[in-house]
Amino acid sequence: MSLWPNLPFHPEETLLSYADRLSVFHTGRGAERLLKDLGINTEHFTAGREEAVVAFTRAVEIPLKDAQQSSIRVFSRGASFRDENISKSFLSPRAARYCPYCLVEDGPRSDHRFRLIWGFRHVVRCDRHSCRLVVAPHVSIGRQS
Ligand SMILES: [Zn+2]
């Protein structure tokens with residue numbers, strides 16, 4: 001499959017969000033479909049495993065460094081983000097909450113950027129819109145929390 005035209009990757013969004021947008025844009029379905037087409041293990045990618053992230057960046061031609069900055073590595077007992085060890089509950093690899101107004105401003109679903117900041121446990125409000133974040137009703141890929 002051709003991944004062109006490509007969508008720009010935003011440093012504020014999670015890598016999972018980007019994978020989801022790309023997949024919606026090219027296949028009309030969530031990230032799982034694109035990852036499958038690329039031969040990338042969804043669970044490994046969701047957990048931020050390096051080999052899966054590397055394979056993804058090669059396939060979609062974005063810098064590995066950018067992807068790593070936006071990816072949360074989840075282990076059985078903990079997690080790490082930007083080389084810092086964190087507790088799993090401190091930062092969710094997918095945004096567990098979101099600002100509906102931000103997403104409306106983003107436009108169509110393939111432009112919906114789930115911000116990294118929404119995954120931090122202590123972040124409960126959107127400063128831009130002065131509203132409470134909404135709990136995400138579903139997870140688009142994977143089953144890990
Ligand atoms: Zn907002």
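Helix H1 is mostly covered, with 11 of its 13 residues buried (buried means under 20% relative accessible area, exposed over 50%, and partly exposed in between, using a 1.4 Å probe and protein chains only). The model is a predicted one, where local features need pLDDT of at least 70, side-chain atom pairs count only at pLDDT 80 or more, and totals for chains, interfaces and linings use all residues. Residues are numbered from 1 along each chain as its sequence is written, and side-chain values use heavy atoms, with hydrogens and water left out.

Among the buried residues of H1 are Leu15, Leu16, Tyr18, Leu22 and Val24. The cover over the buried residues includes helices H2 (31-37), H3 (42-46), H4 (50-60) and H5 (64-69); contact here means heavy atoms within 4.5 Å. Helices (H or I, at least four residues) and strands (E, at least two) are DSSP runs numbered from the N terminus. As for length, the 13 residues of H1 (residues 15-27) should span 18 Å at 1.5 Å a residue, and this agrees with the 18 Å between its end C-alpha atoms (the expected span is 1.5 Å times one less than the number of residues). Just after H1 comes Gly28, with a positive phi of about 75°.

Further along sits a zinc ion, held by Cys99 (SG), Cys102 (SG), Cys126 (SG) and His129 (ND1) at 2.1 to 2.3 Å. Donors are N, O and S atoms within 2.8 Å of the metal (3.2 Å for Na, K and Ca); water is not among the atoms, so sites may look incomplete. The donor residues follow the spacing C-x2-C-x23-C-x2-H. Cys99, in the loop between strand E4 (97-98) and helix H6 (100-106), and His129, in the loop between strands E5 (125-126) and E6 (131-132), are 30 residues apart and link distant parts of the chain. Cys99 is buried at 0% relative accessible area, while His129 is partly exposed at 22%.

Then there are the charged pairs: the structure holds nine salt bridges (a side-chain nitrogen of Lys or Arg within 4 Å of a carboxyl oxygen of Asp or Glu). One of them joins Arg33 and Asp37, at 3.2 Å from N to O. These two are four residues apart in helix H2, so about one helical turn separates Arg33 from Asp37. Arg33 is partly exposed at 31%, and Asp37 is partly exposed at 38%. Another bridge pairs Arg113 with Asp106, their closest N and O atoms 3.6 Å apart. Both Arg113 and Asp106 are buried. Salt bridges that share partners tie Glu12, Asp106, Arg113 and Arg115 into one network.
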